[in-house]
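Biologist: Hi! Could you walk me through some side-chain contacts in this one?

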Amino acid sequence: MAIAKAERLMNLALCLLGTRRPLSKRELRESIEAYVEAFGPEQSTAGSDDAFNRMFERDKDDLRELGLVIETVESLDGEVGYLARRDSNRLPPITLDAEEAAALGLAAKVWQQARLAGAASGALQKLRAAGLPEEVDPYEAHGALEPRIPVHEAAFEPLMLALRDRRPVVFDYRKASAARPETRHVEPWALECWRGHWYLAGFDRDRGAERVFRLSRITGRVRSRGGRFTAPVPDVVTVRETVASWAGEIADRCARIRLRSGAGYPLRAKATAVRELGDGWDELEIPYGHGLDAWLVEFGPDVVVLEPAELRADVVDRLRAVAKG
């Protein structure tokens with residue numbers, strides 16, 4: 001179905017770009033194979049006419065969202081026609097200096113081992129044809145370190161495609177403090193890798209607010225949904241800042257915890273002070289910010305919160321919720 005729609009949109013775009021005069025709906029219906037097969041003259045009824053009009057309007061809107069400038073022109077006899085002028089749909093010449101070309105080459109190398117390698121290579125070939133400096137080799141080594149972005153989560157590719165196409169998605173998500181996953185309906189905005197983990201930022205329809213999801217906590221399959229976004233996409237999506245604040249990295253207070261000896265190395269790495277208590281326990285002082293309670297719960301019985309009292313209460317509440325299942 002997706003391939004058939006893509007072919008139909010491409011044929012409609014080529015038809016609108018190739019005409020020198022506006023084409024009416026009737027002419028487009030008789031010229032494009034997909035329309036002829038579905039709504040040919042022998043199938044012309046009031047119902048099929050309505051179905052064609054709905055499909056055509058959706059197709060026209062989809063092409064406009066993809067950037068095609070489609071003009072609506074009314075003739076002297078009142079008939080409405082459509083065309084896409086080539087001068088209105090022509091990109092300006094692409095000019096890249098050596099540093100910009102090197103940056104694009106480096107970005108392509110990042111994805112060289114992933115399923116995006118073909119798309120990245122094809123994009124560079126198009127840029128080369130459009131004026132990428134011949135003296136610049138996009139794949140030339142720029143240092144001893146080879147850039148790589150690990151993508152192990154099965155949810156990455158369907159989310160990336162949904163994000164590109166502005167399609168809402170549905171998936172089951174297990175929070176760190178929950179025993180069972182919950183179904184989330186999300187309008188995806190951005191994917192970002194931070195400290196070895198991939199995160200999705202988007203609009204959570206069930207909660208009516210922006211949320212950030214760690215891909216490794218998505219269970220099952222990511223399903224796409226029809227329809228348009230219901231919330232505006234912000235110009236800047238601060239995924240890393242949001243995750244950092246949840247992880248307690250943006251903190252202006254200090255928490256004191258007991259940690260079992262030989263456990264909780266990520267907590268020890270953040271500690272500003274460590275003191276041995278004996279009997280297999282240490283006392284740590286760590287930065288306290290939003291989301292620290294959820295992080296501490298992940299260490300289970302190896303952590304005991306001493307202070308502040310509100311952090312201890314939050315951790316106890318989360319543990320009780322997990323115990324209840």
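Biologist: Let's start with the rings. How many aromatic pairs does the structure hold?

Modeller: Keep in mind that this is a predicted model. It holds eight aromatic pairs. One of them is Y35 with F52: the ring centres are 5.1 Å apart and the planes stand at 85 degrees, so this pair is edge-to-face.

Biologist: And where do Y35 and F52 lie?

Modeller: Y35 is in helix α3 (residues 33-39) and F52 is in helix α4 (residues 46-65), so the pair ties together parts 17 residues apart in sequence.

Biologist: Are those two buried or exposed?

Modeller: Y35 has 0% relative accessibility, so it counts as buried. F52 counts as buried too, at 2%.

Biologist: Which pair links strands β4 and β7?

Modeller: That would be F171, in strand β4 (residues 169-173), and F213, in strand β7 (residues 209-214), 42 residues apart. The pair is edge-to-face, with 5.4 Å from centre to centre and 85 degrees between the planes. Both F171 and F213 are buried.

Biologist: Back to F52. Which aromatic cluster is F52 part of?

Modeller: Y35, F39, F52, F56 and Y82 form one aromatic cluster. There is also a charge at F52: the charged end of R29 sits over the F52 ring, 5.1 Å from its centre.

Biologist: What sits over the ring of W281?

Modeller: The charged end of R258, 4.7 Å from the centre of the W281 ring.

Biologist: Switching to salt bridges, how many does a search of the whole structure find?

Modeller: The search finds 24. In one of them, D204 pairs with R184, and the closest N and O atoms are 3.0 Å apart. D204 belongs to strand β6 (residues 197-204) and R184 to strand β5 (residues 182-194), so the bridge ties together parts 20 residues apart in sequence. D204 and R184 are both buried.

Biologist: Which network do they belong to?

Modeller: Salt bridges link E182, R184, D204 and R207 in a network.

Biologist: Nice. What does E310 form a salt bridge with?

Modeller: With R253, at 3.3 Å between the closest N and O atoms. E310 is in helix α11 (residues 309-324) and R253 in strand β9 (residues 253-260), so this pair ties together parts 57 residues apart in sequence. E310 is partly exposed at 39% relative accessibility, and R253 is partly exposed at 44%.

Biologist: And which residue does R260 meet in a salt bridge?

Modeller: D302, at 2.8 Å from N to O. R260 lies in strand β9, while D302 is in the loop between α10 (292-297) and β12 (303-307), 42 residues apart. R260 is partly exposed, with a relative accessible area of 32%, and D302 is partly exposed with 24%.

Notes:
Residues numbered from 1 in each chain as written. Predicted model: local features only at pLDDT ≥ 70, side-chain atom pairs only at ≥ 80, totals over all residues. Heavy atoms only, no water. Phe/Tyr/Trp six-rings, centres within 6.5 Å; stacked < 30°, edge-to-face > 60°. Helix = DSSP H or I, 4+ residues; strand = E, 2+ residues; numbered from the N terminus. Buried < 20%, exposed > 50% of the residue type's maximum accessible area, 1.4 Å probe, protein only. Lys NZ or Arg CZ within 6 Å of the ring centre and 35° of its normal. Salt bridge = Lys/Arg side-chain N within 4 Å of Asp/Glu carboxyl O.
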